[in-house]
Amino acid sequence: MKKLWLSLTVVIVGLILLTGCVSEQSAGSGDSGEGGGTGSEETSGNSEEGNSGESGSDGGGGVAVVPKLVGIPYFNASETGAEQAGEDLGVNVEYTGPTEADAAAQVKVIEDLISQGMDTIAVAPNDPASVEPVLKKAKEEGINVMDWDTPADKELVDLSIKQVDDEEFGRHMAEKLVEAMGTEEGKIAILTGGLSAANLNLWIDAAKSELEENYPDIEIVSDKIPTEEKQQVAYQKTLDLLKSYPELDGVLAVSTPAPLGAAQAVQEEGLQDEVSVVGSALPTDSEPFLEDGSLDTAVLWNPEKLGYLTVALGKMLAEGEMPEDGQEIENVGEITVKDDGKTVIMGPPQDYTKENASDFDF
Amino acid sequence: MKFLLKQKEFSVLAIVVIISIILSFVSPVFLTVENWLDIIEGNAVIGILAIGMTLIIITSDIDVSVAALTTAVTVSIGYLFQFLPDSWISVVLIFLIAPLIGILLGSFNGLLVSKIKIPAIVVTLGTLNIFSGLVLYITNGNYINSTNFPDSFMAFSNIEIAGIPILIYLFALVAAGTWFILKYTLIGRSVLAIGGNAQSSVRVGINFEKVKMFVFSYMGFLAGIAAIAQTSYTSAIDPNGLAGLELTVIAAVVLGGANIHGGRGSIPGTLLGVLLLAIMQNGMILARIDTFWQNVVTGAIIVIAVSYDEINHRRNQEKLSNIDVKEAS
């Protein structure tokens, strides 16, 4: 009998805890729902349809932005931008994603958003193939579907937002590296986050073709070297590279932790003047390396603006409008729309250097 | 020579030596003091964690929460840095507080495993998620760079005694200390006894719960030390920097001849396991092996090492009559 009571209490306490979590969450979305009344009014048709799935909540409507994962500086910055846009434009913004870059968990998040009856869902898919069915379902429910940061299946989305043109970005990094090296001949190595990351590979290929076409005397010493998206791995591999190729002049590091590790190795060996490092990194992270020249330039886009643009275009889409080539988006700048009419490029890459890195807070 | 051949660490040692010989022919840089110091310093964190993991694996348990636990301590260190004054006292304080936090978190694992008797894999899978979830919640994944560190800590990370970085001394101290505990103390012998045969060891009066509690708390303690090593090695705190490291740690221990079913494992073996993984990583770039082949080569060497060890072990077992408590290190 005692045991029965004990297990009953455990179950009840567990249930209370669980419901505690749930009600907090829905209360949260309800709050933000009130703030974004204007966004959902114009498209009440959609939200009604979605709301029927949920029990009498007044949440929903507005733009849902789903990052690959929450809790890394990059996606935190885009969250700031997305929420700013929500305030500025008076639209309800739901920024939510899995805590790990996990495709299955992301699908669940999108399922939840569908039943919350959003007007627009913007996804940065971890795996384009695995979000396909759930995005189809969203479309059937009358929700506008778009991707941002990383492309999903092109046929499926109404709008696809890209931070930069991959080709331009890769070529730009290569140019910056040559500029930092101060010579058009020499040896460089390429570090990457992971060998299978599609966007990183696109950048590297673009950088390689830029070097081949315009700087034929630059030799790439080895195949691209994977660093597991970790700073300490990039650090160790760069140390090994410096030992193995003492005549190395430059390192091109793509994926955000890789330039930091490469710069750390250069810094420790005191090779700031001999070896140039250029890569894609966030400005606050790279500050200590930019200061003494161990990292020459960090090239990226502005993730805050990317979040802002996603919400702004999401709202447009919900109102039945499409962005035009050369259109000026407030707080973001002029955007480019590709020939297919639905691929939007936010703008040119942004350089973070010793001079401007401290102006940013991401 | 016969004595050497009989040592169970011999198979790993042999492979380490063979790879080293090959690599030193391929790359003139490999066999330099500087390179070896880099290798050892770069793998101090994995090494320290692997030493703690050895004790757990000897008692036939496993701890998959080590990386998350270490990250939790690392993040705590970063938080403490905001309040600590810029003096040597801070470094001393860090060395007191970090292991303490580690012990607390580790003993939480230990408590669940020993008192409530939940299998360690379940417990640590749970705590892995709890720790990493909390870390993510508190830090929001934000990376902290060295501009926020006290200068005294940076000075500490750059100390070199006789040309050898301080982290290597720390690593050596941990290895020697744990080896001593395992070989010469009652609790260390109890760890081996429980791994050999839990039931008979309880019959001879070994306190099962106390030993389990000890191995998990000790793992926590070492995770605290590893967190200091990691912070000073990367001069930064990255909440995602150690993700997935537990697999490398477990692989190093198993490569070093420890038996997942318990009872077998030693500190020198684990050190060799760490070294084997480390020189393979290092050698791939030095030997200028094509990137896409690196994983294949790494995998192949691991399979060879483990099967060689297993065959050797089985051959030895056939010669022996069955003894519950096997001699270790």
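In chain A of this predicted model, residues 24 or more positions apart account for 71% of the contacts with a separation of 6 or more. Chain A contains twelve helices and 16 strands, and of its 362 residues 55% count as buried.

Within chain A, helix α5 (residues 103-115) packs against helix α6 (residues 128-140) with the two axes 9 Å apart and at an angle of about 5°. Because angles under 35 degrees count as roughly parallel, α5(A) is classed as roughly parallel to α6(A). The α5(A) side of this contact is formed by A103(A), Q106(A), V107(A), I110(A), E111(A) and I114(A), which meet S130(A), V131(A), V134(A), L135(A), K137(A) and A138(A) in α6(A). Sorted by class, the residues of the contact between α5(A) and α6(A) comprise eight nonpolar, two polar and two charged.

Further along chain A, helix α9 (residues 231-244) includes T238(A), a residue that counts as buried because its relative accessibility is 0%. When neighbours within four places in sequence are left aside, the contacts of T238(A) are with L191(A), G261(A), A262(A) and A265(A). The loop that lies between β8 (225-226) and α9 of chain A holds E228(A), which has a positive phi of about 55° although it is not a glycine. With a relative accessible area of 46%, E228(A) is partly exposed.

A positive phi is also found in chain B, where the value for A162(B), likewise a residue other than glycine, is near 55°. Most residues other than glycine have a negative phi. A162(B) is placed in the loop between β2 (160-161) and β3 (164-165) of chain B, and its relative accessible area of 73% makes A162(B) exposed.

Helix α9 of chain B covers residues 166-184, and its 19 residues should span 27 Å at 1.5 Å a residue; the end C-alpha atoms are 27 Å apart, in agreement with that expectation. The buried residues of α9(B) are I166(B), L167(B), I168(B), L170(B), F171(B), V174(B), A175(B), T178(B), I181(B) and L182(B). Among these buried residues, L167(B), I168(B) and F171(B) are also the α9(B) residues that meet L37(B), I40(B) and E41(B) in α3(B). The contact of α3(B) with α9(B) has five nonpolar, no polar and one charged residues. In geometric terms, helix α3 (residues 33-42) of chain B and α9(B) pack with their axes 9 Å apart and at an angle of about 60°, so that α3(B) is oblique to α9(B). The crossing in which α3(B) passes α9(B) is left-handed.

From α13(B), the residues T248(B), A251(B), A252(B), V253(B) and L255(B) meet T270(B), G273(B), V274(B), L276(B) and L277(B) in α14(B). The residues of the contact between α13(B) and α14(B) divide into seven nonpolar, three polar and no charged.

The loop between α13 and α14 of chain B contains G263(B), which is buried, with a relative accessible area of 4%. Although G263(B) and G196(B) are 67 residues apart along the chain, their C-alpha atoms are separated by 4.0 Å. A further pairing across the sequence involves V64(B), a residue of the loop between α4 (44-58) and α5 (66-81) of chain B. V64(B) and E246(B) are 182 residues apart in sequence, whereas their C-alpha atoms are 5.8 Å apart in space. With a relative accessible area of 12%, V64(B) is buried. Once neighbours within four places in sequence are left aside, V64(B) is in contact with I121(B), T124(B), L125(B), L128(B), E246(B) and I250(B).

Notes. Residues are numbered from 1 along each chain as its sequence is written. Chains are lettered from A and ligands numbered from 1 in the order in which they are written. This is a predicted model: local features need pLDDT of at least 70, side-chain atom pairs count only at pLDDT 80 or more; totals for chains, interfaces and linings use all residues. Side-chain values use heavy atoms; hydrogens and water are left out. Contact means heavy atoms within 4.5 Å. Helices (H or I, at least four residues) and strands (E, at least two) are DSSP runs, numbered from the N terminus. Ala, Val, Leu, Ile, Met, Phe, Trp, Tyr, Cys and Pro count as nonpolar, Asp, Glu, Lys and Arg as charged, and the others, Gly among them, as polar. The expected span of a helix is 1.5 Å times one less than its number of residues. Buried means under 20% relative accessible area, exposed over 50%, partly exposed in between (1.4 Å probe, protein chains only). Axes are lines fitted to C-alpha atoms, for helices over the stretch in contact, and angles run from 0 to 180 degrees between N-to-C directions. Angles under 35 degrees count as roughly parallel, over 145 as roughly antiparallel, 65 to 115 as roughly perpendicular and the rest as oblique. A crossing is left-handed if the near helix is turned anticlockwise from the far one by less than a right angle, and right-handed if clockwise.
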